[in-house]
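Please look through the predicted model shown here, chain by chain. The report after it covers confidence, contacts and local geometry.

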Amino acid sequence: MDAETAQDIRLLTRAAGGDRTAFADLFERHASLVLGVLVSLVRDRAAAEELLQDTFLQAWNEAERYRAVRGTPRGWLVMMARSRAIDLLRSQGARMKREVAVGSELLGDGTVGPVGTGEIEADERRRAVLAALQGLPVEQRQCIELAFYAGLSHRQVADRLEQPLGTVKSRILLGMRRLKEALAP
Amino acid sequence: MADRDLNLRELLPLYALGALEEPERREIEAELERDPSLEAELARWVAQVEALAETVPPVVPSETVRARLLAALPPRAASEGARSWMGWAAAAVLALIAGWLAWGNAGLRSELETRLSERDAEAIRAVRLASELADTRARLERLVLAHEIVAAPGARGVRLAGLAGLPGAAAQTYVDPGSRRAVFYASRLPPAPEERTYQLWFIADGKPVSAGVFEVGPEGEATLLVEDVAPMDSIQAWAVTVEPEGGVPQPTGEMVLKG
């Protein structure tokens, strides 16, 4: 386990015991990443900040139930945030607005790229992940990007690409496997 | 069952991406509770989603959001209890001191009362904090150790299935062959019967060896860390039996999980 994850687990454990300072530290460490993910999904700063608050409130309430075997605290926070944003998109019909926004960003090959990549300082890790994504066969990359960056379900991806559901499922599975191999330490 | 299991495993990356709809999403969540071996596999896909999240530009939240969140955190039930207990204890100490001081010099009473009550409140607080710290440290050490075992190169998982007595229960052990330590996770276990306990065993070279007794949490979950397990190749099986409180050197009770 890397030192950052060990420190996150330490903070989360203290938060589970009622330590607000430790929880505030955890917020400092990951709120920007989580808010970035939320803004990219819901495209609305105010709604994203509401979701950020809900996500961390859930983390506080469920800190005791966190299990290291299911992933790092950072991954746990990202999963909770994405799940909330996706629920919102799917339940409130925000999809229509989102689809328009995503549609305007379609890349030349028909895929949806990470937002404003060029504007941010690309560190080594980010470059490695982007390179791994670029290295995927285009049909696998399309499916993963629509699911990850646009929050589409496999059914919605299948509709969008006019492909059978089974094809989309296996493209996502194969793409994720390749990504895992490419990013293995 | 094997096909269904395979399908569920194949859906894990889609679940991690948030690409599943109901009822598949709920089915995966139920299966994760039932089968701890899926959890470690899910962690590998969550790591990919975490990596994808790093490709999105971070957005710094406003100070208002941070302040609003920290103000909205509900108090922990346990620390509230501790506080009220502390308040009660401090009040009792103060009452005793006040009673005693009623006999003493009125001029010194006020200052002495303040100093003594401060000292006693501090002492009570120190005892409570030391106990909380010890609990937190122990829990943290267990979490870190469990994570190290599961993530160790060459770690091997064995799935235990509930037997006739507990068909809904499931468990998993992971052994790190390097450190010869193991971690055991179980789910959907009912509390052990009165004056009984669950005991974990590994069968090495045909003989059962106790790996320790364990308690079941409020949601039917249990975790046990095991030191000095036999070399991985000599372990033929893992099992859980129900034994008298405190455990026994050789299994005597009903076997409820095996794998």
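**Basis and confidence**

This is a predicted model, in which local features need pLDDT of at least 70 and side-chain atom pairs count only at pLDDT 80 or more, whereas totals for chains, interfaces and linings use all residues. Residues are numbered from 1 along each chain as its sequence is written, and chains are lettered from A and ligands numbered from 1 in the order in which they are written.

The model scores ipTM 0.85 and pTM 0.58. Per residue, the predictor's confidence is given as pLDDT, from 0 to 100. Chain A has an average pLDDT of 84, with 83% of its residues at 70 or more. For chain B the mean is 80, and 76% of the residues score at least 70.

| Stretch | pLDDT | Contacts in the model |
|---|---|---|
| Residues 97–113 of chain A | under 50 | 20 contacts beyond four places in sequence |
| Residues 115–122 of chain A | below 50 | 9 contacts beyond near neighbours in sequence |
| Residues 78–88 of chain B | below 50 | 7 contacts beyond near neighbours in sequence |

Where pLDDT is low, the predicted coordinates should not be read in detail.

**Contact between the chains**

Chain A puts 62 residues into the contact and chain B 52 residues. On the side of chain B that touches chain A, the elements giving two or more residues are helix 1 (2–17), helix 3 (36–53), helix 4 (63–72), helix 5 (77–101) and helix 6 (106–151) of chain B. Helices (H or I, at least four residues) and strands (E, at least two) are DSSP runs, numbered from the N terminus. Helix 3 of chain B contributes the most to this side, with 14 residues. By class, this side of chain B holds 34 nonpolar, 6 polar and 12 charged residues. In this scheme Ala, Val, Leu, Ile, Met, Phe, Trp, Tyr, Cys and Pro count as nonpolar, Asp, Glu, Lys and Arg as charged, and the others, Gly among them, as polar.

**The sheet of chain B**

Chain B has an open sheet of 8 strands in the order 5-4-7-8-1-2-3-6, with antiparallel pairing; two strands pair if DSSP finds at least two bridges between them. Strand 5 (207–214) and strand 6 (222–226) of chain B are at the edges, each with a single partner strand, so one side of each has no neighbour in the sheet. On average, neighbouring strands are turned by 25° against each other, direction ignored. Axes are lines fitted to C-alpha atoms, for helices over the stretch in contact, and angles run from 0 to 180 degrees between N-to-C directions.

Strand 1 (residues 156–162) and strand 8 (residues 255–258) of chain B run antiparallel and are joined by 2 bridges; G162(B) has L257(B) in strand 8 as its bridge partner. Helix 3 of chain B packs on the sheet and touches strand 1, strand 2 (170–176) and strand 3 (181–187) of chain B, its direction making about 55° with that of strand 2.

Strand 4 (residues 196–204) and strand 5 of chain B pair in the antiparallel sense over 7 bridges. F202(B) has V209(B) in strand 5 as its bridge partner. These two strands form a hairpin with 2 residues between them, and D205(B) in the turn has a positive phi of about 50°.

**Helix pairs of chain A**

The axes of helix 1 (residues 3–16) and helix 2 (residues 20–42) of chain A come within 8 Å and cross at roughly 140°. The two helices are therefore oblique to each other; angles under 35 degrees count as roughly parallel, over 145 as roughly antiparallel, 65 to 115 as roughly perpendicular and the rest as oblique. The contact of helix 1 with helix 2 of chain A has 6 nonpolar, no polar and 4 charged residues.

Helix 7 (residues 138–150) and helix 9 (residues 165–183) of chain A have axes that come within 8 Å and cross at roughly 95°, and are therefore roughly perpendicular to each other. Their contact has 7 nonpolar, 2 polar and 4 charged residues.

**Backbone angles**

Most residues other than glycine have a negative phi, and most peptide bonds are trans. R43(A), not a glycine, has a positive phi of about 55°, and is placed in the loop between helix 2 and helix 3 (45–62) of chain A. A cis peptide bond with omega of about 5° joins E22(B) and P23(B); P23(B) lies in the loop between helix 1 and helix 2 (24–34) of chain B.

Key. Two residues are in contact if their C-beta atoms, placed from the backbone, lie within 7 Å.
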